[in-house]
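Here is a short briefing on one structure.

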Amino acid sequence: MVKRWWNGSWGRLTRRDIWLVRESQWTVVARAGDTDTGTVLRWTYDSRDDASAMIDRLLRADNAGQWREQRSGSTEPADPRRVTATQKKRQH
C-alpha cells in the first residue's frame, strides 16, 4: 500500500475508503461501506499519474464526511469517541 484515504465517516452506509497500491501496476481500490457489507471497486493503471487522476476524481465525488489521508502503520483511523485505558490514566 502506497497511500490510503478515509472520509471520516464511521457509519456503515456512509463510510468510504480509497487505497493506492503498487504491485506490477498501480491499483486504486475504493470501498463504499464497511468491511463486512461494503462494495469494493478496483482500477488498474500503468502509471502513477493515471492512478492519481482516478484518486482525485474519487476524492471530489459527493459523499458524507471529509476525506483525510491515512498514514502508514495505521490500518484503521482512531475513533475519537473511544478512549483507551492509557488515555484515561493520562486524563486523571
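**A buried serine and the sheet around it**

Ser9 is buried: its relative accessible area is 11%, which is under the 20% cut-off. The model is predicted. Ser9 sits in the loop that links strand 1 and strand 2.

**Ser9 and its contacts**

- The side chains of Ser9 and Thr14 make a polar contact at 2.4 Å.
- With neighbours within four places in sequence left aside, Ser9 is in contact with Thr14 and Arg15.

**The sheet**

- Five strands make up an open sheet, and their order is 4-3-2-1-5.
- The pairing is antiparallel.
- Strand 4 (39–45) and strand 5 (68–70) are the edge strands. Each has a single partner strand, so one side of each lacks a neighbour in the sheet.
- On average, neighbouring strands of this sheet are turned by 20° against each other, direction ignored.

**Strands 3 and 4**

- Strand 3 covers residues 26–32. Seven bridges join strand 3 to strand 4, and the two run antiparallel.
- What is the bridge partner of Val28 in strand 4? The partner is Trp43.
- Strands of a sheet pair through backbone hydrogen bonds, whether parallel or antiparallel.

**The helix**

- Helix 1 spans residues 48–60.

Technical notes
Residues are numbered from 1 along each chain as its sequence is written. This is a predicted model: local features need pLDDT of at least 70, side-chain atom pairs count only at pLDDT 80 or more; totals for chains, interfaces and linings use all residues. Side-chain values use heavy atoms; hydrogens and water are left out. Two strands pair if DSSP finds at least two bridges between them. Helices (H or I, at least four residues) and strands (E, at least two) are DSSP runs, numbered from the N terminus. Axes are lines fitted to C-alpha atoms, for helices over the stretch in contact, and angles run from 0 to 180 degrees between N-to-C directions. Contact means heavy atoms within 4.5 Å. Buried means under 20% relative accessible area, exposed over 50%, partly exposed in between (1.4 Å probe, protein chains only). A polar contact is a pair of N or O atoms within 3.5 Å; within protein, one must be able to donate a hydrogen and the other to accept it, and residues adjacent in sequence count only if both atoms are side-chain atoms.
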